[in-house]
Amino acid sequence: MTGIFISFEGIDGAGKTTHITRLHEHLLAQGRDVCLTREPGGTALGESIREWVLHRSVATATEVLLMFAARAEHLEQVIRPALAAGKVVLCDRFTDATMAYQGAGRGVDMGFLRLLAEQVEAGTRPSLTVLFDVPPAVSRERLAGLKAPDRFEREQSAFFERVRAGYLALARAEPQRFALLDASQPMEAVTAALLHVVSEHLR
Ligand code: TMP
């Protein structure tokens, strides 16, 4: 049995997590076997790494290697077993986040990131990636309400412009895998578009 691997991406403040929660509830109500997980995170080690990279200062190379360390563990312990059990895996961020944040955002060599990705993924990649696209000006307004923004959420608009451009370039390079959603629309419209895209993929 092989399941279906779907990932979700977008800059901070795109509203991604709220929409994924709604999608998860919708799929559970349909009686589907769903595994909802996230990166960095999803395992004990991954959640510890998340704590480090989101809240403590680390060198850029460390950040890259920790993202992939968390991903290797996540693939081994959670994603591959869930797919082998025939589940629908909903993953809040995956390798595209490293390409967009560390590659486009921080300027890490894309060839280096691709090499790490190839070795760590070993062929396990999402068949659908939903990109919640929003201009940084809109996401900034949404993030302004946060009491304790993390290390990424505190970045300047120029950083998010680069990350967004990075995501859009990835989507252009693989249009068959990516579904681009305009996340600046009202919440209900974005959720409806998300449910539609995922239902079509699961048919
Ligand atoms: P989240 O806020 O969507 O849970 O994601 C956590 C943060 O980690 C987000 O600001 C993006 C960042 N991140 C990277 O920089 N590289 C990665 O590879 C991943 C998975 C997340």
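# Close-up views of a predicted model

**Figure 1. Surroundings of helix H4.** The buried residues of H4 pack against strands E1 (4-9), E4 (128-133) and E5 (178-182) and against helices H3 (60-84), H5 (110-121) and H7 (157-173). Helices (H or I, at least four residues) and strands (E, at least two) are DSSP runs, numbered from the N terminus. Contact denotes heavy atoms within 4.5 Å. The model is predicted: local features require pLDDT of at least 70 and side-chain atom pairs pLDDT 80 or more, whereas totals for chains, interfaces and linings use all residues. Residues are numbered from 1 along each chain as its sequence is written, and side-chain values use heavy atoms, with hydrogens and water left out. Of the 11 residues of H4 (residues 95-105), 10 are buried, so this helix is largely enclosed by the rest of the structure. The buried residues are Thr95, Asp96, Ala97, Thr98, Met99, Ala100, Tyr101, Gln102, Gly103 and Gly105. Buried means under 20% relative accessible area, exposed over 50%, and partly exposed in between (1.4 Å probe, protein chains only). Just after H4, Gly107 adopts a positive phi of about 80°.

**Figure 2. Packing of H4 on H7.** The axes of H4 and H7 come within 8 Å and cross at roughly 130°. H4 is therefore oblique to H7. Axes are lines fitted to C-alpha atoms, for helices over the stretch in contact, and angles run from 0 to 180 degrees between N-to-C directions. Angles under 35 degrees count as roughly parallel, over 145 as roughly antiparallel, 65 to 115 as roughly perpendicular, and the rest as oblique. H4 passes H7 in a right-handed crossing. A crossing is right-handed if the near helix is turned clockwise from the far one by less than a right angle, and left-handed if anticlockwise. H4 contributes Asp96, Ala97, Met99, Ala100, Tyr101, Ala104 and Gly105 to the contact, and H7 contributes Phe159, Phe160, Arg162, Val163, Gly166, Tyr167 and Leu170. By class, the contact of H4 with H7 comprises 10 nonpolar, 2 polar and 2 charged residues. Ala, Val, Leu, Ile, Met, Phe, Trp, Tyr, Cys and Pro count as nonpolar, Asp, Glu, Lys and Arg as charged, and the others, Gly among them, as polar.

**Figure 3. Packing of H1 on H8.** Helix H1 (residues 16-29) and helix H8 (residues 187-202) have axes 10 Å apart, at an angle of about 50°. H1 and H8 are therefore oblique to each other, and H1 passes H8 in a right-handed crossing. On the H1 side the contact is made by Thr18, His19, Ile20, Arg22, Leu23, His26 and Leu27; on the H8 side it is made by Met187, Glu188, Val190, Thr191, Leu194, Leu195, Val198 and Leu202. By class, the contact of H1 with H8 has 9 nonpolar, 4 polar and 2 charged residues.

Figure 4. Arg93 is placed in the loop between strand E3 (88-92) and H4. Arg93 is buried, with a relative accessible area of 11%. Most residues other than glycine have a negative phi, and most peptide bonds are trans. Arg93 has a positive phi of about 80° although it is not a glycine. A polar contact of 3.4 Å links the side chains of Arg93 and Tyr101. Such a contact is a pair of N or O atoms within 3.5 Å; within protein, one must be able to donate a hydrogen and the other to accept it, and residues adjacent in sequence count only if both atoms are side-chain atoms. Beyond its neighbours within four places in sequence, Arg93 contacts Phe8, Glu9, Gly10, Ile11, Asp12, Lys16, Glu39, Tyr101 and Tyr167.

Figure 5. Thr37 lies in strand E2 (residues 34-38) and is buried, with a relative accessible area of 8%. The side chain of Thr37 makes a polar contact of 2.7 Å with the side chain of His74. Not counting residues up to four places away in sequence, Thr37 touches Gly42, His74, Val78, Val89, Leu90, Cys91 and Asp92. Pro40 is in the loop between E2 and helix H2 (44-55). The peptide bond joining Glu39 and Pro40 is cis, with omega about -10°.

Figure 6. Glu121 belongs to helix H5 and is buried, at 5% relative accessible area. The side chains of Glu121 and Arg125 are joined by a polar contact of 3.2 Å. Leaving aside neighbours within four places in sequence, Glu121 is in contact with Leu75, Arg80, Phe94 and Thr95. Ala122 is found in the loop between H5 and E4, where it counts as exposed at 56% relative accessibility. Ala122 has a positive phi of about 45° although it is not a glycine.
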